[in-house]
Amino acid sequence: MHKAVEVSVDAMLADLRTLVEIESPSRDVDALRASAKAVAAIIENRLGGRAVLVESEAGPHVRWSGGGDPKVLLLGHHDTVFPLGTLERRPFRVEDGHATGPGVFDMLGGLVQAVHGLAALDDRSGAELLVTADEEVGSRSSRALIEERALACGAVLVFEGAADGGALKTGRKGCGTFQVVIKGRASHAGLEPAAGVNALVEAAHQVLDIAALARPWIGTTVTPTVASAGTLDNVVPAEATVIVDVRVESADEKERIESAFAALAPHLDEAQVTVTGGIGRPPMPESASAGLFALARRLLPGIEATAVGGGSDGNFTAALGVPTLDGLGAVGGGAHADHEYLVVDTMAERAHLVTGLVKALQEA
């Protein structure tokens, strides 16, 4: 059994460097296998025991248990949005109080803080770590495992990056993507334009119908984001595609939006409209985090909370009714961007918050 150790920022930065320098883009299974092995090695080195690789079509997830009756699941992911080669352009650096490099904020820094926060405990029983390989692409291969372990543990701490100013994330919108495919009929745009069925014109009608579904005053956004149509400038387009980002704050709105997309109908005779996709992450209501946030605030007076538009795996666990607190990871910013950074001076405080939360949940 490993004994408790003092939280060390230098040790955390060393582990963070290791993870950042093993690039881990989503869907690259070979890269994710190397990353999973590195995550497992850090966990075993800092916490003892065995970190198990759970194979999936998306890449290996990493699971570790401190033994005993499960009390709390510490949840994160090791995949990032950055393609291979990003590290060469943006190597890991620590300068002017910031750590930079692909994935430092989302969410490798949070993983490191979680591990080192657990390492500061003499008794790690009841704590579980689950680090998935596909959060950035929808968690399709990991969702069932996440939900199983969340229900078994009864409380979930999510190590996504903090909100602005280090605030914890106590609510998240449900989010999803729809793809609308329009089939028309090609014809010569000069000789026989009326003989065709213009998929681009139909797409224009559909975009207006779709955008009208938004109810921003209650938090529902419906945003057409990508569109394509046509082949040549003298051909009536036979096909068009529209991709739509959707965010909702309630289960009722999720149902309304999904029903509305299913009911989309063509405006032009002989046009066909097919919809795929859906709201894959249900909303995370603020009620799911109320008790855990109150506990966090007792441990770290003055820490703030906020609801955010982006989704995480915490959406799944909160939707099951399992108490879930998110945003416990790195303090910094620039998620998914070249200016991504982590504030080094906050790492020890966040690791100590992990220690306190887990200890309180062990004793509950």
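A salt bridge here means a side-chain nitrogen of Lys or Arg within 4 Å of a carboxyl oxygen of Asp or Glu. By that rule, the side chains of Glu21 and Arg17 pair up, with 3.1 Å from N to O. Bear in mind that this is a predicted model, where local features need pLDDT of at least 70, side-chain atom pairs count only at pLDDT 80 or more, and totals for chains, interfaces and linings use all residues. Residues are numbered from 1 along each chain as its sequence is written, and side-chain values use heavy atoms, with hydrogens and water left out.

**Salt bridges**

- Searching the whole structure turns up 20 salt bridges.
- Side chains of opposite charge can pair when their charged atoms come close.
- Back to the opening pair: Glu21 is partly exposed at 39% relative accessibility, and Arg17 is partly exposed at 37%. For these labels, buried is under 20% relative accessible area, exposed is over 50%, and partly exposed is in between (1.4 Å probe, protein chains only).
- Arg247 bridges to Asp245, and their closest N and O atoms are 3.0 Å apart. Arg247 is partly exposed, with 23% relative accessible area.
- Asp313 and Arg281 also form a salt bridge, at 2.9 Å from N to O. Asp313 sits in the loop between strand E13 (305-308) and helix H9 (314-319), while Arg281 belongs to strand E12 (residues 272-281), so this pair ties together parts that are 32 residues apart in sequence.
- Both partners are tucked away: Asp313 is buried at 3% relative accessibility, and Arg281 is buried at 7% relative accessible area.
- There's a network of salt bridges too, linking Arg63, Glu128, Glu148 and Arg149.

- Helices (H or I, at least four residues) and strands (E, at least two) are DSSP runs, numbered from the N terminus.
- Strand E3 (residues 72-77) has six of its six residues buried, so the rest of the structure largely encloses it.
- Which residues point which way from E3? Val72, Leu74 and Gly76 go one way, Leu73, Leu75 and His77 go the other, and all are buried.
- E3 runs parallel to strand E6 (residues 127-132), and six bridges join them; strands count as paired if DSSP finds at least two bridges between them. Within E6, Val131 is the bridge partner of Gly76.
- Strand E7 (residues 156-158) pairs with E3 as well, in the parallel sense and over three bridges. Here Leu74 has Leu157 of E7 as its bridge partner.
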